[in-house]
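Please look over the chain shown here. The walk-through below moves from the disulfides to the cores, and then to a few local details.

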Amino acid sequence: MAAAAWERFVGHRWLPKAAVVGLAAVLVAAFLLVRSERRDAHNAGVLETACGGVLPRETVRGLLPGDETWELRSDLDLTGPSGRGPRTLVRCSLDWGEYGGLELAAVPVLDVPLRGVRPGDILSAGTAKEPDWATAYRTATTQVTVGCPAGLPGYPRPVTRFRVHASLHHDDGSEVAGAAKELGPVVTAVADHVRDRGGCGGPAVKPSDVRPGPGRVAEDSEDSDEVPRACRWFRPGMLDGKAWGRDDREPRGFTGDDADVCSLTVPRAKPANRLDHVAGVTSVSWRGPLLPEARTAYGAELAALSPAPEPKSGEKSYVLAVWAESSCSGAPTLTRVRVETAASALAAGRADRILDAYLASSDCRAVKVLGKVWK
């Protein structure tokens, strides 16, 4: 009877082929299921170990393609007491496909040693070449600079800040849309890991503290004349000047964590005398660790501050410096604006307005003008 049933099955016109197809489908489904389970287990293991195991797994899992196998290409965690301070505190890279990947790093902020706190010293330090690992945050998808009041261990000079930056790209190399916001909790988790292991102290990092890389912001807002960011608050009309020409000296500027400097000259539209061809402005603000040194470097000038009556005009150059204390973006700040003209009345009449414009551009509040001094 069984033999007869088998003969009928074999002799059927399409049933044997359907059975073979069905069996193949079951085998393929089983194979895909096993492969998917193995891939999921592999990916879960990667998330457990990447970046010292501190990544928020559900958040990262939602950012990465679930149908791809993630590979941990580089992983480094040197936080905590470890002898000589490393250039990189944390680094990890999760890759898939040819170009897709999540890259994340935490690096110390090693400031270029200043020869002084005067504008020329800061501008010179601002042109120093920084290594690639120190500037990668500028073009990252998102980043945050974190204070470490107690200092990171192992460095010859105090290191009281570090940065965490992250980037997320599709398999074709393009940046994932909306990744800057989605990466906020990831960057925050790594930042708090470095804070805790380094014994930093200070407030915890919040996702709202995380911002796009400053290089990306600069690309979006860069003016065609390439005026430095620290000088964009100034307008030639503030000193009855005209627009810069091709042969005029270009403004020089520096924007840093502890100081901002701008030095520029503007051609005068209607010279008052034979020396009155250009007027100059130099603005500088100091914050954080540079405040005590700035007060020391300019001690004699600060001691001489007064309402500063206008000197008698003549055919020579006049320099008026006006000082102020304020809170800029929440940080105590000391500011000096220096105006140089060949007409004392112009410097005396415009210095306050120039100072106001500079402080307003820096979101400064609680301004207290300390006084002026003629140089």
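Are Cys 148 and Cys 200 buried or exposed? Both cysteines are buried in this predicted model. Their sulfur atoms lie 2.1 Å apart and form a disulfide. The link is left-handed, with -90° about the S-S bond. Cys 148 sits in the loop between β4 and β5, and Cys 200 in the loop between α7 and α8, so the bond ties together parts 52 residues apart in sequence.

The whole structure holds 4 disulfides. Counted along the chain, the bonded cysteines follow the pattern 1-2, 3-4, 5-6, 7-8. One of these bonds joins Cys 51 to Cys 92, with an S to S distance of 1.8 Å. This pair links distant parts of the chain: Cys 51 is in the loop between α2 and α3, Cys 92 is in strand β2, and 41 residues separate them. The Cys 51 and Cys 92 link is left-handed, at -70° about the S-S bond. Both Cys 51 and Cys 92 are buried.

Another disulfide joins Cys 328 to Cys 364, S to S 1.9 Å. The link of Cys 328 and Cys 364 is right-handed, with 105° about the S-S bond. Cys 328 belongs to strand β9 and Cys 364 to strand β11, so the bond ties together parts 36 residues apart in sequence. Cys 328 has a relative accessible area of 7% and is buried. Cys 364 is buried too, at 12%.

Now turn to the cores. The largest nonpolar core has 38 residues. Leu 64, Leu 104, Phe 162, Val 164 and Leu 168 have the most contacts inside it. Elements that each supply at least two residues include α2, β3, β5 and α7. The largest share, 5 residues, comes from α7. Take Leu 64: beyond its neighbours within four places in sequence, Leu 64 contacts Trp 70, Leu 94, Trp 96, Leu 102 and Leu 168. A second, separate core has 29 residues, among them Cys 262, Ala 279, Val 322 and Ala 351.

Next comes a tryptophan. Trp 133 lies in helix α5, residues 132-135. Its relative accessibility is 21%, so Trp 133 counts as partly exposed; the cut-off for buried is under 20%. Leaving aside neighbours within four places in sequence, Trp 133 touches Arg 87, Val 107, Pro 108 and Leu 110. Its C-alpha atom is 8.0 Å from that of Thr 88, 45 residues away along the chain.

Finally, consider a hairpin. It joins β6 to β7 through 3 residues. The two strands, β6 (252-255) and β7 (259-267), run antiparallel and are joined by 4 bridges. Arg 252 stands opposite Ser 263 in β7.

Terms used
Residues are numbered from 1 along each chain as its sequence is written. This is a predicted model: local features need pLDDT of at least 70, side-chain atom pairs count only at pLDDT 80 or more; totals for chains, interfaces and linings use all residues. Side-chain values use heavy atoms; hydrogens and water are left out. Two strands pair if DSSP finds at least two bridges between them. A nonpolar core is a set of buried Ala, Val, Leu, Ile, Met, Phe, Trp, Tyr and Cys residues joined through side-chain atoms within 4.5 Å. Buried means under 20% relative accessible area, exposed over 50%, partly exposed in between (1.4 Å probe, protein chains only). Contact means heavy atoms within 4.5 Å. A disulfide is a pair of cysteine sulfur atoms within 2.5 Å.
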